[in-house]
Amino acid sequence: MYKKMLYVLLAAVFVIALTACGSSDEDDAADAEEQETNQEENETEEESDEESEEPEQLEEEMENEEASSDEADAEQESEEEADEEEQQQTESSNAEFDELIEAMEEETEGTATVLFENNEPQSHEMEDVTVTLDAYQLVELKDFHNRFSIPFDDQTDGGVILTEFTVENDSDQDLYYSTLFYLHYFGGSEAAGPNLDLIPRDVELTQILSPSDDDRLLEGGESYHGYLAYPIGEEQLEEILEEDGNVTIDIETPYTEEDEFSEEYRIGERGELTLSLDEENVEERAEVESQGFYQDSISVDNMGGKEMIEQEDGIGESDELGDVTITLDGYQFVDFTPNQYEEDRFTDPDNLVAATIKFEIDNQGDEEIGLNSLTTKLTVNDGSQYLLSEGMLVPYDINDHIEPGEQGELLQTFLLDKEMYEKIWIDKSMEIEIGPMRNADAEDISKGHEITFDLK
């Protein structure tokens with residue numbers, strides 16, 4: 001009996017234990033299920049938040065991409081339009097040149113071949129008057145009629161430089177202007193005027209602007225477009241191409257009165273445009289211009305090669321001579337090698353250094369300052385030696401000046417012995433003395449005074 005009761009009691013305890021274990025497992029499973037449900041809900045909420053933010057962010061990114069794309073497309077379209085317009089202008093210009101060449105062949109009974117063409121415009125501004133060389137071509141002309149030989153240096157083979165010009169008068173004042181622009185070559189030692197018989201008269205700039213010999217009216221607000229033809233003999237052309245492949249064209253100034261050519265009637269300053277006659281010289285000239293050489297006569301007149309030795313810009317030291325403020329702006333020392341057409345002008349052409357000093361002149365006096373008549377002196381070797389500026393190397397003529405109340409640039413160039421410079425002077429102090437100031441008639445207007453700047 002006692003054993004039976006013991007078995008019943010043990011069985012009851014075992015049932016209770018099983019029940020408790022089952023309840024615990026169910027609770028754990030329930031807790032796990034609840035935790036998993038909560039996690040899924042949180043993940044769902046996060047995904048929902050991300051999904052709600054994603055469209056806005058995506059839309060903004062898409063808008064930015066579209067804006068960038070539109071901007072790039074607009075820029076590309078603008079570039080394409082500019083290229084297309086330039087291409088159309090070039091094609092139009094070349095077509096007009098083709099017509100001129102055909103007419104020239106017919107007129108001269110010669111055979112023409114285009115050797116080089118350049119469609120990059122060059123401009124020279126004279127206050128409200130602008131002269132633009134729109135394009136030019138070098139044309140070989142061979143076996144033409146003997147009656148055209150004189151301007152070709154008595155040869156019946158040669159070359160013709162065809163030029164396209166536009167002259168604009170943006171003022172409301174009628175002016176008077178001669179467009180017989182002279183072409184220079186061999187470093188400026190030889191010149192040629194445009195020939196009026198090689199191309200049709202009705203397209204020549206001189207005839208368009210001056211239909212009669214005494215009519216040179218440049219009307220206010222008007223623009224004039226035409227061509228000029230420059231003949232060059234075969235031998236001369238070969239020498240030009242062998243030397244430096246460049247020629248220059250003088251741009252004259254207009255005047256306010258007919259048949260009055262004195263300074264008081266002149267508008268602006270004369271200029272010069274450089275024409276390279278083959279691709280190699282175009283590239284070489286671009287490289288030279290990128291070096292920023294001062295435009296003294298060596299550069300302007302293509303007198304030879306320059307190689308920079310030392311320079312300094314933006315010095316900015318100022319002093320006064322009466323009512324004139326003079327500022328030392330900078331200097332350049334270059335190795336100068338004259339070309340074959342200029343070397344005879346120099347005693348020792350293989351031993352030259354050119355020093356060009358740049359000033360800014362502020363003329364607040366009552367008289368104009370003549371740029372061609374100023375006196376400057378360069379003292380070298382710690383003051384023990386000096387040199388005077390070279391008049392033939394400054395880019396001014398007798399008429400160039402700075403008006404009262406105006407500002408302008410002044411360049412002064414000196415020739416130094418290269419050996420002396422490299423061995424002694426380069427490491428010694430230098431000074432430059434300028435003055436007295438002179439008017440357009442070369443009269444002293446600063447009572448003999450001069451000022452001195454420390455150069456280096």
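This is a predicted model: local features need pLDDT of at least 70, side-chain atom pairs count only at pLDDT 80 or more; totals for chains, interfaces and linings use all residues.
I started at the end of α3, where the next residue is Gly-245, with a positive phi near 65°. Helices here are DSSP runs of H or I with at least four residues, strands are runs of E with at least two, and both are numbered from the N terminus.

Residues are numbered from 1 along each chain as its sequence is written, and side-chain values use heavy atoms, with hydrogens and water left out.

**Whole chain.** I counted six helices and 21 strands. Of the 456 residues, 38% come out as buried (under 20% relative accessible area; exposed is over 50%, partly exposed in between; 1.4 Å probe, protein chains only). Then I looked at contacts (heavy atoms within 4.5 Å). Among those between residues at least 6 apart in sequence, 70% join residues at least 24 apart.

**Back to α3.** Which residues of α3 are buried? I found Gln-236, Leu-237 and Ile-240. Down the axis of α3 they fall within an arc of 100°, so they line one face of the helix (the arc is taken over the directions from the helix axis to the C-beta atoms). An α-helix has 3.6 residues a turn, so residues three or four places apart point the same way. On the other side of α3, Glu-235 and Glu-242 are exposed. The cover over the buried residues includes β3 (129-142), β4 (158-169), β9 (223-233) and β10.

**Largest pocket.** I got about 1300 Å³ for this one. Of its 43 lining residues, Arg-270, Gly-271, Glu-272, Val-300 and Pro-395 are closest to the centre. For the record, a pocket is an open set of points on a 1 Å grid over the protein atoms alone, where a 1.4 Å probe fits, with protein on both sides within 12 Å along at least five of seven lines; lining residues have an atom within 4 Å of a point. Volume is the space filled by probe spheres set on the points, which are joined across faces, edges and corners. β11 gives the most to the lining, with five residues. The lining splits into twelve nonpolar, 17 polar and 14 charged residues (nonpolar is Ala, Val, Leu, Ile, Met, Phe, Trp, Tyr, Cys and Pro; charged is Asp, Glu, Lys and Arg; the others, Gly among them, are polar).

**Second largest pocket.** The volume is about 560 Å³. Its lining has 25 residues, with Asn-246, Val-288, Asn-302, Gly-304 and Gly-305 nearest the centre. α4 gives the most here, with seven residues. I noted five nonpolar, ten polar and ten charged residues in this lining.

**Phe-293.** This residue is in the loop between α4 and α5. Is Phe-293 buried or exposed? At 6% relative accessibility, Phe-293 counts as buried.

The Gly-435 to Pro-436 peptide bond is cis, with omega near 0°, and Pro-436 is in the loop between β20 (431-434) and β21 (451-454). Ala-442 lies in the loop between β20 and β21 and has a positive phi of about 65° without being a glycine. Ala-442 is partly exposed, at 37% relative accessible area. Asn-381, in the loop between β16 and β17, has a positive phi near 55°. Asn-381 is buried, at 18%.
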